[in-house]
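Colleague: I would like a close look at a single part of this model, taken slowly and with the details kept in order. Please start from the structure as shown here.

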Amino acid sequence: MIYPTRAAVIATAAGAPVALIVAAITPGRWFLALAWPLAVILLFAVDAARAMGSARTRVELPGHAYVGETRDATVTVATGRQRRNAFIALQTSPLVAIEDDGRSSVPLEGGLGAILLPLEMLRRGVARFERMWVRWTGPFGLAWKQDTVAIDGAFPILPDIRPVHEHGAAIFQRQAFEGLITQLIRGEGSDFDALTEFRPGMDRRSIDWKQSGRHMKLLAKQYRTERNNQIVFAIDSGRQMCEPVAGLPRVDRCVSAMLLTAWVALKLGDRVALHAFDSRPRLSSGLVSGGGAFAELERMAAEIDYSAEETNYTFALTTLTAKLTRRSMIILFTEFTDSISADFLLRALRRLVETHVVLVVVLRDQELESIVEREPGSADDVTRAITASTLLKERRVVIGGLQHLGVHVIESEYDKVNERLVQGYLDLKRRDLL
């Protein structure tokens, strides 16, 4: 497609006053007034002829990406003629943010050029790119030549498992799980392993006096970390959890923390299950174990959809409890912003804590905290600060109610929730609460 540039339109419009002046001064030679627009049209025709041709383009999309990260797409343009630059416009996907809506300039050298387009992953799913528009001008800059190029490219946006790669090994090194001999609390670690000769530095409470008297030397009981515990991750994917925190939905940040903790739990020999819900249960997996099961858990986590419905805690947690046949650790990711939804949460958890260990994970509302801490400059700022302070106070009351029920609560900043959740899981495991 060929159409005039802004310069061609301005040049044509600029000839109108000149044509009026010529027609007014020399009415008998009014036809001279047509010289300007005819000259512009002639130049436009020459420019359009020089701009003719087709462009060969190639778009290299990433094979996959994680939600929240930024990856580059490589766009290569070859016009076949000596031109300064070409302009592209990539059709955007609702799951991906591109600067300037995918519009960019490609510098050309010898008719060939390439650029990197940064793609910011906003949500999970399959990002699809169907077409791209490429255009360039002729040597006079009066005519645009535009081509539409079919791409039909796509790549999956997966839950963020970068914390698993970045922090997983460091956590194991720091905790030294496999060689851990618990000495601070008697019976910690839960499973008796063997009798060993007592050595200085060991806990005296671990001495087995009966066996020591039989063998005529001090023997101590050695424990190993209990395995085969059931860890159930319950993820609220309702309306409040889909609200963004620092540009990323809460549910995605929670899924990332869940995957890191699940990876650690699988490495420790525990069994892991996933349960997602909003107004009703949406996804429920069976218990899996072993390091090889992490890929299946990651695939199921990618299927957790965003929802605009209100969360029904009673329905979801009752359904979950009916599937559990033994004492388990239930890690619940949720968010509450009003007293009514919080009351339903407390009611649903009241019976749950009688049988299971419950750990609730919520992200701190840093937006409300910043409003309270900000110095007011007007009456509206004072009103906002009072409202935010009231909401934060209600939030503290709900967290206190959860702790009063015996629920363990982690309230964390969005960028620290991964480490704090893993640490909370390990603390409960060391205390032998299961």
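In what order do the 4 strands of the open sheet follow one another, and is the pairing parallel or antiparallel?

Modeller: Keeping in mind that this is a predicted model, the 4 strands of the open sheet are arranged in the order β2-β4-β8-β6, and their pairing is antiparallel. The edges are taken by β2, which covers 56-60, and by β6, which covers 96-98, each of them pairing on one side only. On average, and with direction ignored, neighbouring strands of this sheet are turned by 30° against each other. Within the sheet, β4 (residues 70-78) and β8 (residues 112-121) run antiparallel and are joined by 9 bridges, and along this pairing R71 has L119 of β8 standing opposite.

When residues up to four places away in sequence are not counted, C254 touches M241 and F333; M241 is 13 residues apart from C254 along the chain, and their C-alpha atoms are separated by 9.1 Å.

Definitions and conventions
Residues numbered from 1 in each chain as written. Predicted model: local features only at pLDDT ≥ 70, side-chain atom pairs only at ≥ 80, totals over all residues. Heavy atoms only, no water. Pairing = 2+ DSSP bridges. Helix = DSSP H or I, 4+ residues; strand = E, 2+ residues; numbered from the N terminus. Axes fitted to C-alpha atoms, helices over the stretch in contact; angles between N-to-C directions. Contact = heavy atoms within 4.5 Å.
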